[in-house]
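Me: I am new to reading protein models, and I would like to go through one slowly with you. Could we look at it together, one feature at a time?

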Amino acid sequence: MAILIGERAHLIEFPSVLLPPGSTTGSIVNIAVHQNLSEERKRDQQFWQLQHDIFETFGCSSPDPPRLEVRNVTQTSVTLEWPPIKLATAKLRSLDIYKNSQRVAAIPSPLTNTSTKLSGLSLDTPYTFQLVLRTSAGTFHSNIVSVRTHTIADTSGISVCFGTVADPILLEDAKSALREMKAKWSDKIQIDTTHFVCTTPAMTPSGAQASGGSVAGGPGVEYQKALQLSIPVVQPQWILACLTEKKMVPIAAYYLGVTPPNAASYYSQRTQSMSQASLPSSGSASGAHKSAPNRSSMPVPSRGTDGTPPQRRSIEPTPEDPEAETEATQQPKRSASITETRHRSNGTMDRNFKFPQSQQQPLQRVASPPSQPSSPPPVPKQQHPHPQKPVPLPSSREGEVGEDMPPVNIITPSSVEVPPPPPVEKETRRPVIVDEEDEDVGETVEIDL
């Protein structure tokens, strides 16, 4: 290092290697310094090019906020999905899921995972969900999704994976039921799969379009995956039961290996439908046409003794039809002649039947007073098994009645003095009470006549 002294006695340290050869202490040298403009321009260009590259790489694009969507909703779970996240040049720190503005958990493998399933929700309850993405370039929030869980009567959230179903007709019926319930099915276990449906754990055939194991009789891959994911394995009758009940049916009675409660009714209905399909349609139509007139044809009701027209009735009650017989008791009573002409095939007593009164013609035929007390009236003898003994009249009165008074006046005192027995009186009052108050009666009692 050389020390140079300038004109103004300034000390300048100068490298000695830059001094001309032979320069020693006391030598006088001239040193010139010039500005290199070209190098400066080159340097500036390199600097700004570096700044441009940094801006294009890190300043033009930023991470995109996640776009959250609902994939499936059930009574107690919600399945959410989103497109793959784009971080641009930033580094990922975390991806969290929030429920009702509360952090639930972090999404595992956020760079490859694009869906999640939240279980343990309440029935018919509203919820809000949101994703929060944290990167080295900042924090980004997704859209808020509002969801309401289904009620017990909503079966559109069912998502099944079909395994081995031995009966192809049962498989098609189950798929038709899912279409009617607006549910869905797949040939693979997915994140929103709610049930695995099969009749045997064996390898899934090609009809169900699902992969199976290497062993022909061994359990299929999808069946094993369902067991690993704790997906319930049920039989196809469970889907039919949900369609019939129009609600989510408990699966305890439809697990694999358990006889479904609706299996017998399903196969019986299918057998009946197949038998009806095999019958000719013309024969069934003609048979129905023939049976209708025979059912509706009834005898024309006769007119009453007083000439009044009969009341129109749709169906005449018979002993085999209790409902029609009840309706008949509520209608107005017919005349005595119509009641006597009615016929009962089983021998039971008619509710509208009444015993003839004492003023009828059979009582007026008694002409001789002496023979009347010894023989009871014909009507009480036919109606009651134990007729009472009539009270005899005095002999002097009998003579006067037989000679001076008409027969009608003789019968009237005897009918008043000899009332019918109490059991017979109860039997005669029972149908009158039913007709007036329209009350239901029990079983009829047969009486020997």
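Me: Where is Trp82 found?
Reply: Before I answer, please note that this is a predicted model, in which local features need pLDDT of at least 70, side-chain atom pairs count only at pLDDT 80 or more, and totals for chains, interfaces and linings use all residues. Residues are numbered from 1 along each chain as its sequence is written, and side-chain values use heavy atoms, with hydrogens and water left out. Helices (H or I, at least four residues) and strands (E, at least two) are DSSP runs, numbered from the N terminus. With that in mind, Trp82 is found in the loop between β4 and β5 (92–99).

Me: Is Trp82 buried or exposed?
Reply: The general idea is a set of cut-offs on relative accessible area: buried means under 20%, exposed over 50%, and partly exposed in between, with a 1.4 Å probe and protein chains only. Trp82 has a relative accessibility of 4%, so this residue counts as buried.

Me: Which residues does Trp82 touch?
Reply: A contact means heavy atoms within 4.5 Å. Leaving out residues up to four places away in sequence, Trp82 touches Arg67, Leu68, Leu95, Ile107, Asn113, Thr114, Ser115, Thr116 and Leu131. Take Leu131 as an example: Trp82 and Leu131 are 49 residues apart in sequence, and their C-alpha atoms are 9.4 Å apart in space. For the protein chain as a whole, 61% of the contacts with a separation of 6 or more are between residues 24 or more positions apart.

Me: How many strands are in the open sheet that contains β4, and what is their order?
Reply: Strands of a sheet pair through backbone hydrogen bonds, either parallel or antiparallel. Two strands are taken to pair if DSSP finds at least two bridges between them. Here the open sheet has three strands in the order β3-β4-β7, and the pairing is antiparallel. Since β3 and β7 stand at the edges with a single partner strand each, one side of each is left without a neighbour in the sheet. On average, neighbouring strands of this sheet are turned by 25 degrees against each other, direction ignored.

Me: How do helices α2 and α4 cross?
Reply: Each axis is a line fitted to C-alpha atoms, for helices over the stretch in contact, and angles run from 0 to 180 degrees between N-to-C directions. The axes of α2 (residues 168–180) and α4 (residues 237–245) come within 9 Å and cross at roughly 40 degrees. A crossing is left-handed if the near helix is turned anticlockwise from the far one by less than a right angle, and right-handed if clockwise; this crossing of α2 and α4 is left-handed.

Me: Which residues of α2 and α4 meet?
Reply: From α2 come Leu170, Asp173, Ala174, Ala177, Leu178 and Glu180, and they meet Gln237, Ile239, Leu240 and Leu243 of α4. By class, this contact has seven nonpolar, one polar and two charged residues, where Ala, Val, Leu, Ile, Met, Phe, Trp, Tyr, Cys and Pro count as nonpolar, Asp, Glu, Lys and Arg as charged, and the others, Gly among them, as polar. Gln237 is buried, with a relative accessible area of 4%, and, leaving aside its neighbours within four places in sequence, Gln237 is in contact with Leu170, Tyr254, Pro260, Asn262 and Tyr267.

Me: What is the mean pLDDT of the protein chain?
Reply: pLDDT is the predictor's confidence in each residue, from 0 to 100. The mean for the protein chain is 73, and 58% of its residues reach 70 or more. Over residues 281–298 the pLDDT is below 50, and this stretch has one contact in the model beyond near neighbours in sequence. Where pLDDT is low, the predicted coordinates should not be read in detail.
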